[in-house]
Amino acid sequence: MVNYCLKFPSREVHSDRDDEAIALPSIHGCIPIGTDPDTAEALAALYRTHCISVIDAFRFCKERMLWHHFTSFHGTLTVPVQKLFAHPSMAAWIKECDWLMYQKMVQFVSPLALQVVPMRVIDTFRAISTKLANHLSLTFQNHHQHVQDAKLGPATVFAALLDRLLRVNATAHAAANMLTNDANRDQMWHDWVLYVKPLKVAESSLPGVGYQRTLRILATEMRHLLGPLSMSTYGGMDPIYAETLAEPSSNGSSYGHPGIDDSSTEGVLDRWTNFLQTLPSLFQHADARTILHCAGAVGNAALRDITIAQALSFGSWWVTKTWVDEMLLWMAEKGGFMERTPDTMRMRGRDETAPEVELPTDDASDNFGGPRPRTAISESVDAPSRFGSVDINNSYDGSKSRGASVAYQENYLYRDSHQNPPTAAAAEARDRKISGTMTTNGDDSGIGLETEQDELQKDHYSGFVAEGTNIASDPADVVVC
C-alpha cells in the first residue's frame with residue numbers, strides 16, 4: 001500500500017523553476033564498498049539522461065516515446081553498470097531520483113488544472129495515469145524486488161496525482177458553467193439562505209472546534225463567493241444571515257481578493273480557489289486530512305438540506321461541491337508530493353561507508369538478467385570484473401565460467417599454483433585438461449564458436465525490452481505547458 005502524504009502547500013511554486021535543470025541526489029552516498037568511481041559516475045550520468053528524456057516525452061505528450069524510454073533504459077547500461085544498478089544499496093537513490101523526476105513533471109502540468117486543455121492531451125494524460133504502474137511492473141519484472149519497489153513507489157503516487165488533475169479539470173469546467181450564469185448564482189444563494197441552517201450544519205459536522213470560523217464562512221463568505229448577486233436578503237431566511245449582513249464588515253470579504261473580473265470564467269474559479277487556499281491558515285491547528293474531512297462533512301450536510309428541500313439549485317450546488325472536494329484533494333496531495341525532498345531520506349555522505357551487502361547470485365534469482373549478454377567471466381558474481389564493477393571476493397573458480405579464454409585459465413592456474421601448490425596427480429590432470437582444450441580436434445580456427453552477434457540474438461536479450469515496442473513519435477508535437 002502506498003503511503004500518501006497530504007499537506008497543503010505552504011508557499012506557491014513559481015513558474016520560473018520549471019526551466020531549471022533537474023539535479024539528482026549524489027550517488028556517492030549509496031554506492032557499496034569497492035565500487036569503481038567511473039562505474040558510479042556512468043550510472044549517474046545515464047540515469048540523469050534517462051530522467052530528462054522521460055520528462056521531455058511527457059511534456060510534449062509523446063506517449064510512445066515515454067514507454068520506450070522506460071523499456072530501453074537497461075540497454076544503455078554496460079554489464080558493470082547493470083550490476084551496480086541492481087545492488088540493494090542503490091534502491092534508495094533510484095527512488096529519490098524518480099521522485100525528483102515526477103516532481104518536475106507535476107510542475108509542468110499543475111497550471112492546467114483550471115485551463116481548457118485539448119482533448120488529445122487529456123487522452124494522453126489519462127493513458128499515462130492508467131498504464132504507468134503496469135508498464136513499469138512488466139518492464140522491471142526480471143529485476144530484484146528492491147528495484148521494482150523503488151521504481152513503482154514514486155510512479156504510483158504520480159499516476160494517482162495525474163488522475164486527480166484530470167478530475168479537477170473536468171469538474172472545474174462543469175462548475176464554471178454553473179457559476180458564470182447570473183441567474184444560477186442568484187438561485188443558489190436564494191436556496192442556501194432559505195434551507196441551510198449554519199448552526200445545525202456546524203454542530204453535526206465539526207469535531208468540537210472551529211465553530212466561529214465555520215459559521216462565518218457559511219453565512220458571510222459564501223455570499224461573496226457567489227457574488228455579484230442581484231439580491232442579498234430574502235424573506236424567511238435564517239436569522240444568522242440577517243445578522244451577518246447587518247455587520248459593518250460584511251460589505252467586503254475577509255478573505256476575498258479584489259480585482260477579479262466577475263464576468264469571466266477564470267475570475268469566478270480563481271475566487272473560489274483563492275478562498276480554498278486560505279483554509280489552512282484559518283484552521284492552523286488542524287492537519288490536512290482533518291481539514292479535508294471537515295470540509296467534506298460540512299458540505300455534505302448543507303447539500304443534504306438543499307436536496308431534501310427539493311431546491312431548484314440542488315444540481316448546481318452538487319456540481320460545485322464536487323469540484324471543491326476534488327480541488328481540495330488536489331491541493332493537499334500535490335502539496336505533500338512537492339514538499340518532499342531527498343533530505344527526507346537519510347543518505348550517507350561521501351566519506352561514510354556503506355554496510356556490506358552480498359550481491360544475489362544467479363542461482364538465488366533465476367529471473368535476473370539484462371539486455372546485454374552475460375560473458376563467461378560475469379556469469380559468477382564472485383568473479384573479479386574486468387570493467388571495474390563491484391568485487392565481493394578476490395577469488396575465482398575457473399570451472400564456473402563456460403567458454404572462458406585459455407589465457408584467462410592459464411593466468412588463474414598460474415596464480416593458484418603459487419598460492420596452493422597442487423599434488424603431482426592434480427598437476428598431471430591439469431596439464432592434460434589444458435592440452436585437450438588447446439588441441440581439441442586439431443582445429444584452432446574458432447569455427448563454431450558463438451560470436452557477439454549470436455549472443456545478442458538469444459531469447460534472454462529481450463528480458464528488459466518489451467516486445468512490439470513502437471518508438472515512432474506521435475504525428476504532432478503538442479507542448480502542454
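Of the 481 residues of the protein chain, 45% count as buried. The model described here is predicted. The protein chain contains 16 helices and zero strands. Among its contacts with a separation of 6 or more, 80% are made by residues 24 or more positions apart.

## Helix 2 and what covers it

Eight of the nine residues of helix 2 are buried, so this helix is largely enclosed by the rest of the structure. The buried residues are Glu63, Met65, Leu66, Trp67, His68, His69, Phe70 and Thr71. The elements that cover them include helix 1, helix 4 (91-109) and helix 5.

Two packed helices are described by the angle between their axes and the distance between the axes. For helix 1 (residues 37-59) and helix 2 (residues 63-71), the axes come within 8 Å and cross at roughly 165°. Because angles over 145 degrees count as roughly antiparallel, helix 1 is roughly antiparallel to helix 2. The crossing of helix 1 past helix 2 is left-handed. On the side of helix 1, the contact is made by His50, Ser53, Val54, Ala57 and Phe58, and on the side of helix 2 by Met65, Leu66, His69 and Phe70. Of the residues in this contact of helix 1 with helix 2, six are nonpolar, three are polar and none is charged.

A polar atom of the His135 side chain lies 3.3 Å from the backbone oxygen of Trp67.

## His74 and Phe85

His74 is placed in the loop between helix 2 and helix 3 (79-85). The side chain of His74 is joined to that of His143 by a polar contact of 3.3 Å.

Phe85 is found in helix 3. Along the chain, Phe85 and His74 are eleven residues apart, and their C-alpha atoms are separated by 9.5 Å. When residues up to four places away in sequence are not counted, Phe85 touches Leu43, Tyr47, Phe73, His74, Leu77, Met90, Ile94, Phe140, His143 and Val147.

## Leu292 in helix 12

Another part of the chain is represented by Leu292, which is found in helix 12 (residues 288-308). Leu292 touches Leu6, Phe8, Leu328, Leu329 and Ala332, not counting residues up to four places away in sequence. One of these, Ala332, is 40 residues from Leu292 along the chain, and the C-alpha atoms of the two are separated by 8.5 Å.

A residue counts as buried when its relative accessible area is under 20%. The table gives the value for each residue discussed above.

| Residue | Relative accessible area | State |
|---|---|---|
| His135 | 17% | buried |
| Leu292 | 16% | buried |
| His74 | 4% | buried |
| Phe85 | 1% | buried |

His135, with 17%, is therefore buried because its value falls under the 20% cut-off. The value of 16% places Leu292 in the buried class as well. His74, in the loop between helix 2 and helix 3, is buried with 4%, and Phe85 of helix 3 is buried with 1%.

Key: Residues numbered from 1 in each chain as written. Predicted model: local features only at pLDDT ≥ 70, side-chain atom pairs only at ≥ 80, totals over all residues. Heavy atoms only, no water. Buried < 20%, exposed > 50% of the residue type's maximum accessible area, 1.4 Å probe, protein only. Polar contact = N/O pair within 3.5 Å; in protein donor to acceptor, adjacent residues only side chain to side chain. Axes fitted to C-alpha atoms, helices over the stretch in contact; angles between N-to-C directions. Helix = DSSP H or I, 4+ residues; strand = E, 2+ residues; numbered from the N terminus. Parallel < 35°, antiparallel > 145°, perpendicular 65-115°, else oblique. Left-handed = near helix turned anticlockwise from the far one by under 90°. Contact = heavy atoms within 4.5 Å. Nonpolar A, V, L, I, M, F, W, Y, C, P; charged D, E, K, R; others polar.
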